[in-house]
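This report examines a ligand site, a helix and several backbone features of one protein. Please consult the sequence and the three-dimensional view while reading.

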Amino acid sequence: MLGRLINRRSGGGAAEAKDVEALRAQIETLTRDNRGQPDLAREREILRLRQLAGLGLIEDAEERRELIEPDYGALKTDADVPEVRGEEVTAGLIRAAILEHGSVLVRGLVDPDDAERLAEGIDRSFAARDASENGGGGREGYYEELQAEPPNQPIPHRGAVKDGGGVLAADSPRVAYDMFEVFEKANLREIVGDYLNEAPSISANKTTLRKADPKIPGAWHQDGKFLGDVNSVNLWLSLSHCGDTAPGLDLVPRRIDHIVDAGVGDVGFSTIVVPHEKAVELAGEPGIIRPIFEPGDAMFFDHLFLHQTASDPDMPNPRFAIESWFFGPSAFPGDYLSLAV
Ligand SMILES: O=C(O)CCC(=O)C(=O)O
Ligand SMILES: [Fe+2]
């Protein structure tokens with residue numbers, strides 16, 4: 001993997017030197033200024049700097065890191081889906097929960113007011129994308145497709161993201177800014193950095209603002225099927241009440257340590273989707289779990305976890321969430337664009 005990354009990254013002639021520490025200092029200064037006086041041009045620039053720092057992190061990465069050792073002692077529950085409070089979360093606990101149960105549910109990781117503000121931003125981003133597709137002006141800064149900084153390649157396949165009920169966070173500089181602020185408040189750079197054992201980045205291709213429509217059915221999958229062999233942890237952050245009156249997440253509450261054979265088709269989406277009967281079989285005794293989430297509740301899981309959007313056309317409301325995949329730069333998905341956290 002590393003050789004492939006080095007080849008890919010070194011060929012393009014970087015536009016700017018990528019001194020990660022200097023870029024981070026610039027990001028911090030601009031972010032401090034922005035807190036007092038929010039400004040769209042500054043938020044766009046912060047996102048651009050995150051992209052440069054993301055490139056720098058990959059360029060600087062050496063051999064693949066080992067993930068943190070699990071802290072089984074911190075896991076004081078044997079529930080099928082362990083639940084902890086936001087203030088209890090540590091990297092070792094997340095690792096223990098993932099190895100024992102596949103995931104961990106964190107109540108109140110994020111302040112509900114922050115979660116609800118992010119949900120409003122997502123609604124605006126969807127409206128702005130619709131407006132821009134219909135030739136009208138959107139709300140400025142809520143939908144602007146990310147410009148790739150060389151040697152990054154432009155992001156392909158936005159159609160699939162839209163069809164799946166999403167907008168890429170990196171295509172909304174306003175919401176992306178707010179999202180990174182909320183991550184900072186929840187201390188995620190440190191927690192996820194400890195988990196991955198290196199400074200984390202998220203992928204612009206994969207981190208998605210979601211507005212799930214109850215009429216669009218879920219599909220069982222493991223994200224590793226298309227991410228490959230990576231060092232990952234996903235933060236799935238609920239931004240509205242869901243699981244009963246709005247689509248939540250269906251979970252197979254156990255550790256699966258390999259990619260499950262989907263057993264159907266040989267091309268396209270059918271190679272990714274795991275049949276429902278297979279998910280039921282793998283869930284075993286506890287069965288499939290559909291938790292109820294409040295705004296600010298979250299799940300951590302990795303690319304081997306089997307899950308689907310839990311939707312039912314009878315649910316009256318849409319659901320807002322952010323799916324944010326963090327990766328260790330030493331084992332980053334091959335052709336994805338990295339944004340430093
Ligand atoms: O938000 C959803 O319903 C899907 C989330 C998902 O598949 C993920 O976070 O990997
Ligand atoms: Fe997923």
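## The ligand and its polar contacts

An oxygen atom of ligand 1 lies 2.9 Å from an N or O atom in the side chain of Asn234. For His307, the corresponding distance from a ligand oxygen to a side-chain N or O atom is 3.0 Å, and for Glu323 it is 3.1 Å. A polar contact is a pair of N or O atoms within 3.5 Å; within protein, one atom must be able to donate a hydrogen and the other to accept it, and residues adjacent in sequence count only if both atoms are side-chain atoms. The protein covers 97% of the 290 Å² of accessible area that ligand 1 has on its own. Accessible areas come from the Shrake-Rupley method with a 1.4 Å probe, and for residues only the protein chains shown count as cover.

The model is predicted: local features need pLDDT of at least 70, side-chain atom pairs count only at pLDDT 80 or more, and totals for chains, interfaces and linings use all residues. Residues are numbered from 1 along each chain as its sequence is written, chains are lettered from A and ligands numbered from 1 in the order in which they are written, and side-chain values use heavy atoms, with hydrogens and water left out.

## The shell around the ligand

Which residues surround ligand 1? They are Arg210, His221, Asp223, Asn234, Trp236, Leu249, Phe301, His307, Thr309, Arg319, Glu323 and Trp325. A residue counts as near the ligand if one of its heavy atoms lies within 4 Å of it. The shell divides into four nonpolar, four polar and four charged residues. Here Ala, Val, Leu, Ile, Met, Phe, Trp, Tyr, Cys and Pro count as nonpolar, Asp, Glu, Lys and Arg as charged, and the others, Gly among them, as polar.

Strands β6 (232–238), β9 (307–310) and β10 (319–327) each supply at least two shell residues. The largest share, three residues, comes from β10. Helices (H or I, at least four residues) and strands (E, at least two) are DSSP runs, numbered from the N terminus.

## Pro318, between two of these strands

Pro318 lies in the loop between β9 and β10. Pro318 counts as partly exposed because its relative accessibility is 34%; buried means under 20% relative accessible area, exposed over 50%, and partly exposed in between (1.4 Å probe, protein chains only). Leaving aside residues up to four places away in sequence, Pro318 touches Lys211, Ala212, Pro214, Ser240, Ala246 and Pro247. Such a contact means heavy atoms within 4.5 Å.

## Helix α7

Helix α7 (residues 173–185) has 13 residues, so at 1.5 Å a residue it should span 18 Å; its end C-alpha atoms are 18 Å apart, which agrees. The expected span is 1.5 Å times one less than the number of residues. Ten of the 13 residues of α7 are buried, among them Tyr177, Asp178 and Phe180.

Most residues other than glycine have a negative phi, and most peptide bonds are trans. Just after α7, Asn187 takes a positive phi of about 65°. His157, which is not a glycine, also has a positive phi of about 65°. This residue is found in the loop between α5 and α6, and His157 is exposed because its relative accessible area is 64%. Asn197 likewise has a positive phi of about 65° and lies in the loop between α8 (188–196) and β4 (201–203).

Where is Pro151 found? Pro151 lies in the loop between α5 (112–133) and α6 (158–163). A cis peptide bond, with omega about 5°, joins Pro150 and Pro151.
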